[in-house]
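I set out to record what I looked up in this structure, entry by entry.

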Amino acid sequence: MPMKIFPQLAPFRSAPFRMLFLGQASSFLGSWVHNVGQGWLVYQMTGSPFWLGLFACAGSLPLLLFSLPAGAMADRFPRRRIVILAQIAALLLASALGLLAFLHLLSLWALGLLVFALGLAGSFELPARQALFLDVAPKEELRAAVAWNSVLFNGARLIGPAVAAFLIPSLGVAACFWTNALSYLLSLGCLFWVSSSPQCPSRRPFLHSLREGVRYIAARKPLLGQASLIGLVTVFGWSYTVLLPFFAESILHSGPKGLGILISASGAGSLLGSLAATSLVRTLPLPRLVLGGLGIFLLSAACFSLSRSFLVSTALLGLAGLGLVVFLSAGNAFLQEHAVRELRGRVVGIATFLFQGLFPIGSLFAALVSRFWGAPATILLGTGLCAFGTLAVTAWSSRRAG
């Protein structure tokens, strides 16, 4: 009955979908607690927005290097097995990071090495996990499944920073890393409950398989245009998030609790956007949602860079989060809807590469520009480049389509 009244709940008819949903909820929550703790620790050790960008780059660099081959692996090997092995590695690394932080034995190079290793585990886990998540969803509800995955991610963005804001002053930053380790343990329990879904692995050579996924998107002009927009936003738009500790401490003077509130506000907006997207992607044209969400995001982020009021900044980050997630939910649904199951791992890998794999380039952009021009100017420049690039991609797509 609830699924008849609320059709966006239809993917939950599948018991494996429900179990993987719970496992991902745990994993996403732990990751956001970890990310806030990591950012605060780096800023306390260095006091520099440049180092914030550099460490964000170190954590996401493996996604740049390995997300495409990881997507090909997700089409060649059992996806559930890949996810389990990667999460075991991440559990051990997060536990070690928490122990070293608790004992005050972390140097910058040791922290950077552990951050890179965690990113490496995530680069192989993410394409396989997302493809597995879509495998267990009812085929006719693929759009809704993609939107619900966004709900998970952004619900964690809302709750995780609030948890971190409590843990850091009360128990120390090490508690953030141990919370992440516990989340992987719970996620693994859900994964062991779910049996492997049937999968027809690719028999072609690895490099040929990898090129096949890239050619699949490149040969389809609407997919290539959407992929270009995601990459553009990752490099020049979304990278503003690595500068939030600097805004919280040095511009808004709100400390770690303020940082948690700022990130939670972005998460709250994103959660509202993702919940709305579960219905909107079923009823509205996806290209219209893509451009509408992107416009809201860019305008809100640009205004945030100019704000010196904590309340106004909090509201603007909420709007930016809402716009970004509508853009991404519609864009990812568009990509996944046009992907055959045999190529899904590679398409997810390409989407991961564009949205998270290119993040280290965006982090370096934020780090270098903020070092010379300051953090507010960095966000203004990035949103301006995104707006110009969106106009160019839209004009190119229309001309090519005609």
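This is a predicted model: local features need pLDDT of at least 70, side-chain atom pairs count only at pLDDT 80 or more; totals for chains, interfaces and linings use all residues.

I then looked up where the two residues lie. Arg129 and Glu125 are both in helix α5, which covers residues 108-135. They are four residues apart there, so about one helical turn separates them.

Are the two partners buried or exposed? I read a relative accessible area of 8% for Arg129, which is therefore buried. For Glu125 I read 5% relative accessibility, and this residue also counts as buried. The limit that I applied to both is under 20%.

**Entry 1. Nonpolar surface.** Which residues make the nonpolar surface patch of about 500 Å²? I listed Leu99, Phe102, Leu103, Leu105 and Trp178. From this list I followed up Leu105, which I placed in the loop between α4 (79-102) and α5. Leu105 has 53% relative accessibility and counts as exposed, because the cut-off for that class is over 50%.

**Entry 2. Aromatic pairs.** I searched the whole structure and found six aromatic pairs. One of them joins Trp51 and Phe55, with ring centres 6.1 Å apart and planes at 45°, so I recorded the pair as tilted. Both residues lie in helix α3 (residues 49-76), where they are four residues apart, about one turn of the helix. I noted that Trp51, at 30% relative accessibility, counts as partly exposed, whereas Phe55, at 6%, counts as buried.

I next examined Phe247 and Phe304. Their ring centres are 4.9 Å apart and their planes stand at 40°, so this pair is tilted. Phe247 belongs to helix α10 (residues 244-251) and Phe304 to helix α12 (residues 286-306). The pair therefore ties together parts that are 57 residues apart in sequence. I found both Phe247 and Phe304 to be buried.

**Entry 3. Ring cluster.** Which residues do ring pairs link into a cluster? I identified Phe246, Phe247 and Phe304 as its members.

Methods
Residues are numbered from 1 along each chain as its sequence is written. Side-chain values use heavy atoms; hydrogens and water are left out. Helices (H or I, at least four residues) and strands (E, at least two) are DSSP runs, numbered from the N terminus. Buried means under 20% relative accessible area, exposed over 50%, partly exposed in between (1.4 Å probe, protein chains only). Patches are made of residues with over 30% relative accessible area and no salt bridge: like charges are joined within 9 Å, nonpolar side chains (Val, Leu, Ile, Met, Phe, Trp, Tyr) within 5 Å. Accessible areas come from the Shrake-Rupley method with a 1.4 Å probe; for residues, only the protein chains shown count as cover. A salt bridge is a side-chain nitrogen of Lys or Arg within 4 Å of a carboxyl oxygen of Asp or Glu. Rings of Phe, Tyr and Trp (its six-membered ring) pair if their centres lie within 6.5 Å; planes under 30 degrees apart count as stacked, over 60 as edge-to-face and the rest as tilted.
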